[in-house]
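I opened a new page for this structure. Here are my notes, in the order I looked things up.

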Amino acid sequence: MNISRRFMQCDVFADYTGAGNGLAVVLDGANLSTEQMQAFAKFTNMSETTFVLPTSTSEASYRVRIFTPASELPFAGHPSVGTAHAVLEAGLVKAGEGRLVQECAAGLLPMMVEGSGKDRCISVRAPRGKIIPHDDTIRGLLNTATANMALGSLPATLVNNGPQWWCVELADETAVRELKPQLHEIALLTQASKAVGLSVFAHSDSANYQLVVRAFCPDDNIPEDPVTGSANAAIAALMHECMVLETIGATYTASQGREVGRDGFVQVRIDADGEVWIGGKTQTVIEGSLSWD
Amino acid sequence: MPPRPYLQVDVFSKRPGCGNPLAVVLDAEGLTSEQMQEIAAWTNLVETTFVLPPTQANADYRVRIFTPQREIPFAGHPSLGTAHALLAAKQIRVQKGEIIQECGAGLIPIRIETSRIFRRRLFFRAPAVKNIQTFDGENASAKAVFSALELGQLAPSLVEGGRKWWIAEMRDEHALRQLNPDYDAITAMSKASDSMGLCVFARCKEQDYQLAVRAFAPAFGIQEDPASGAANATIAAYLLESGALETIGHNYRVSQGREIGHDATIDLRATRQDDIWVGGECQTVINGSMNWIDSK
């Protein structure tokens, strides 16, 4: 059968094309089997590929399934932001009063849409971050993995917000930007602690952003991820928990990706209920039709 | 800049997802080399190609080929996928069943075969094989690899086509498909001999293909390649040299990639050492446009 489906590939957390994290979106994913979805996600080789489906509840604006080249995910930040952008661009949904509700395997997630055109910013409420305690064995691996880092004042912490992220504050922006991560040692740490990766961050005095972030997932074959929604949400949850947000503010911009040739910006907000929202701009790069059936 | 026509193609593939993917940007004039490299890094596919007007009178088009890391002068699967994209977009016309590609390696002929049974298949002429060195049992790093294999009748050899590959025949298809390669040993052999890595093949009976192939290039970050153009040409040269094509046939079909979730089909035409063609079907998976707005 030669079925043609609407397709979009966009760049998320990006002020211009090529600055952010790529995402493939199949706008009418109905009647594709799980196996076909997984095979297509492997073919695109994007960090994530999403499939838009009819909603199963009237509260939802759209439903989405999210796949990496290897497996399906219940939720992830950049695919949520990018899929919302794609369904708005394609005219499949309208954001009533700047709100959308995404239905995904992790449940119904509220989203916010602000601004318009190239500068439109879409945010998703991240699952609540929990701090996960670690034992002495893990502490040893952590010390080895961070031995070459100029650490900041917060203790290195494991945060679970769906995936588990190590969040490590460094002394300053230079320490983050010039870090040469010990990928092997980081892989040993993340493996032993069931973490998806290790992120480092520091405050910045830049006019355009207040935090600088990098994220390493060597055990997932991603030495460094260009721009990472969930890691940024985990870092925000940690700073909120440690009550250090006064200096940076409850709304800030994080810079990520320059060390891998990108230049992404993540807008982070901690609301009055302590919930973390992550968002950003999305650029449409590829539009067309898909033949996969 | 207006959006440019863009296709994502599956090469050596009878169904979408079986072969080796390729991104093709048509009408790439006006993009700088830096932008091409950025786009190739962003698409994250093994190769992305950019189509430009030819600079030589007898070429039908010019193509530049980029991996996510760098530009390369030539490779088989990007050449076939690019020609397919141009035919699908009706940007070139075929005369006498052949088109001429201009690329970093010069002018490459691409032949088109059509028949009632098969969909359109494209073939590129492989770089001539220069040197076939039979394994003499002396080379220590090669010995470490071959002593662990269930070898077939022909002796392993180091074959130099466009690039060098070690080639080894396996006892049968089952032995080939079950093989768990020793990547460290292959890496050591590849470095010691300045070669891409190891290609293994087995002759197949009662299948719709005559050869099954697997290609390992761990020293270049490719544990296993789903569908190899040039490597299959070196195997064909080796089989031709040894006389084995008298029984296999000078036109034969290869199955590759099943062990890593692909199912590529590659067709070979090998009548003379300087006239080896590698080809297959291509599928258009994504057909649309690319908007690359570089406003740094």
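**Entry 1: the model.** I noted at the start that this is a predicted model.

**Entry 2: chain B as a whole.** I began with the secondary structure of chain B, which comes to seven helices and 18 strands. Next I looked up the radius of gyration of chain B. It is 19 Å, and the globule rule gives 19 Å for 296 residues, so chain B is as compact as a globular protein of that length. I also took the spans of the C-alpha trace of chain B along its principal axes, and they are about 60 × 45 × 35 Å. Of the 296 residues in chain B, 46% are buried. Then I turned to contacts in chain B between residues at least 6 apart in sequence. Of these, 64% join residues at least 24 apart.

**Entry 3: strand S4 of chain B.** Which strands does S4(B), residues 61-66, pair with? I found strand S3 (residues 48-52) of chain B, joined to S4(B) by five bridges and running antiparallel. Within this pair, Phe50(B) has Arg64(B) as its bridge partner. I also found strand S6 (residues 98-103) of chain B, which pairs with S4(B) in the parallel sense over two bridges. Here Arg62(B) is partnered by Glu102(B) in S6(B). Strand S5 (residues 71-72) of chain B is antiparallel to S4(B), with two bridges between them. Phe66(B) stands opposite Glu71(B) in this pairing. I followed the chain from S4(B) to S5(B) and found a hairpin that joins them through four residues.

**Entry 4: helix H6 of chain A.** I checked the length of H6(A), residues 229-241. Its 13 residues should span 18 Å at 1.5 Å a residue, and its end C-alpha atoms are 18 Å apart, which agrees. Is H6(A) enclosed or open? Eleven of its 13 residues are buried, so H6(A) is largely enclosed by the rest of the structure. I listed some of the buried residues, among them Gly229(A), Asn232(A), Ile235(A), Leu238(A) and Met239(A). Just after H6(A), I came to Met243(A), which takes a positive phi of about 55°.

**Entry 5: two loop residues of chain A.** I looked up Asn45(A), which is not a glycine but has a positive phi of about 60°. Asn45(A) lies in the loop between helix H1 (34-44) and strand S3 (49-53) of chain A. Asn45(A) counts as partly exposed because it has 17 C-beta neighbours inside 10 Å. Lys194(A) is not a glycine either, and has a positive phi of about 55°. I placed Lys194(A) in the loop between helix H5 (183-192) and strand S12 (197-203) of chain A. Is Lys194(A) buried or exposed? With 11 other C-beta atoms within 10 Å, Lys194(A) is exposed.

**Entry 6: where the chains meet.** How many residues of chain A are in contact with chain B? I found 22 residues of chain A in contact with 23 residues of chain B. On the chain A side, the elements that give two or more residues are H1 and strand S17 (276-291). S17(A) gives the most, with nine residues. By class, the chain A side has ten nonpolar, ten polar and two charged residues. I then looked at S17(A) again. It pairs with strand S18 (residues 282-290) of chain B in the antiparallel sense, over five bridges. Ser289(A) stands opposite Asn287(B) in S18(B).

Definitions and conventions:
Residues numbered from 1 in each chain as written. Chains lettered and ligands numbered in written order. Predicted model: local features only at pLDDT ≥ 70, side-chain atom pairs only at ≥ 80, totals over all residues. Buried ≥ 20, exposed ≤ 12 C-beta atoms within 10 Å, placed from the backbone. Contact = placed C-beta atoms within 7 Å. Nonpolar A, V, L, I, M, F, W, Y, C, P; charged D, E, K, R; others polar. Pairing = 2+ DSSP bridges. Expected span 1.5 Å × (residues − 1). Rg over C-alpha atoms; globule rule 2.2 N^0.38 Å.
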